[in-house]
Amino acid sequence: MRKAGAKKAIFLVVGARPNFMKAAPLIREMKREPRFLPLLIHTGQHYDPMMSDSFFRELRLPRPWMDLGVGSGTHAEQTGRIMIEFEKVCFAKRPDLVAVVGDVNSTIACALAAVKLNIPVAHVEAGLRSRDRTMPEEINRLLTDQISSYLFTTCEDADQNLIREGIPKSRIFFVGNVMIDSLQEHRILAGKSKVLERLGLAHQNGDDRYALLTLHRPSNVDDPALFKGILKAITDLSETIPVVFPAHPRTIRQIRRLGLEKAVHLMKALPARGRARNRRTLITVPPLGYLDFLRLMSRASLVLTDSGGIQEETTILGIPCLTLRGNTERPITIKEGTNHVVGNDPGRILRTALRVLRSRRPPLKKPRYWDGQAARRIVSVLKARLL
Ligand code: UD1
């Protein structure tokens, strides 16, 4: 039995790169409530220094209270290992709440382990739907939402998705976007990054013209023919505008496997400080830290990506974004933002990129509650319900 007046222990789970910027504002806000005891648990789904440690440093996340160290594996291996290790920690500490963010394997694994122990789950970024069940993230989202007690949404279409799936309204809270909390908080600091200079992309008059690419979905990189087709479109684009490509470890592995290192100008590391103007028009570099990437995004003429979060970040930054997927779980970034869903057909990618580069930028719009206050709203709901 817990003592009356004891602090409410909240496990906040992170595992993969896109979780860290969502958890950082949450843990800071939870710490401001003296009756909460927030404990950060890292599953270890991502473990490379540039996929994990650098984010802890730059986002000023506290060291994890517990690191489960599960690493990579097939979906069942990874999800199963996280569940087994996380359940042990739940047995030992018996938290009052488990908070999970996003849609990665760590999200569903910890939510499922917790709910079976009758520990309530809060899901931050609930209700997003691509309606594409071949995406592992869509399965993670659907299942996590079904078993969560508190569903915190970033937009009103997510509320509608949840209601359609039979989730009672009393569990749904439209609070805004915690990822944008982090972006707002770090914009000024990111402005000090020298990444443009290091890549030879900065122009003296501030007119830096380049496109930024990220690509890591299995559906885009695992099939060699498809992956090569996308890279051909990017190489063609790079004849019009330089392209910088910070590549995910899985994408780098595929580049090496297919012998494409030269074709994409794969660099082992970011060029050294103060490098002279780069003459390459396509540069591929290892994953970048949060601040360097934010700097690159905010000065780009165009972003091409298959990531989820980048669609939201470019919307707030007002940078045109081409999503190289057949669908998006974030339609608000099309309706109220800068996003164009173009699929992975090389011809269409190139044509749309050139058209968008020629067009005038649409006026900046900001989805409701993407205002840097989402974590505060979430914690005030939790205070009202848990204390
Ligand atoms: C995961 C998420 C995806 C998210 C992405 C962001 C799931 C199902 N997918 O995909 O939604 O967009 O993170 O990056 O949870 N690897 C390393 N070092 C690392 C981590 C991964 O080398 O630190 C390599 C390993 O070879 C691993 C592969 O990347 O097998 C895939 O990693 P994994 O965590 O399984 O999925 P992601 O593709 O990163």
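Guide: Let's start at A122, whose bridge partner in strand 6 is Y150. Before we move on, this is a predicted model, so local features need pLDDT of at least 70 and side-chain atom pairs count only at pLDDT 80 or more, while totals for chains, interfaces and linings use all residues. Residues are numbered from 1 along each chain as its sequence is written, and side-chain values use heavy atoms, with hydrogens and water left out.

Back to our spot: strand 5 (residues 121-126) runs parallel to strand 6 (residues 150-153), and the two are joined by four bridges. Strands here are DSSP runs of E with at least two residues, helices are runs of H or I with at least four, and both are numbered from the N terminus; strands pair if DSSP finds at least two bridges between them. Helix 6 (residues 156-164) packs on the sheet here, touching strand 5, strand 6 and strand 7, where contact means heavy atoms within 4.5 Å. The direction of helix 6 makes about 170° with that of strand 7; axes are lines fitted to C-alpha atoms (for helices, over the stretch in contact), and angles run from 0 to 180 degrees between N-to-C directions.

Zoom out and you get an open sheet of seven strands in the order 3-2-1-4-5-6-7, paired in parallel. Its edges are strand 3 (66-67) and strand 7 (172-174), each pairing on one side only.

Helix 4 (residues 105-116) lies across strand 1 (8-14), strand 4 (97-101) and strand 5, at about 160° to strand 4. Helix 4 also has a helical partner: its axis comes within 9 Å of that of helix 5 (residues 136-147), crossing at roughly 25°. That makes the two roughly parallel, the label for angles under 35 degrees. On the helix 4 side, the contact uses N105, T107, I108, A111, L112 and V115, while helix 5 brings N140, L143, T144 and I147. By class, that's six nonpolar, four polar and no charged residues, with Ala, Val, Leu, Ile, Met, Phe, Trp, Tyr, Cys and Pro as nonpolar, Asp, Glu, Lys and Arg as charged, and the others, Gly among them, as polar.

For charges, look elsewhere: R28 makes a salt bridge with E185, the closest N and O atoms being 3.2 Å apart. The term takes a side-chain nitrogen of Lys or Arg within 4 Å of a carboxyl oxygen of Asp or Glu. R28 sits in helix 1 (residues 17-31) and E185 in helix 7 (residues 178-190), so the pair ties together parts 157 residues apart in sequence.

Technical notes: Parallel < 35°, antiparallel > 145°, perpendicular 65-115°, else oblique.
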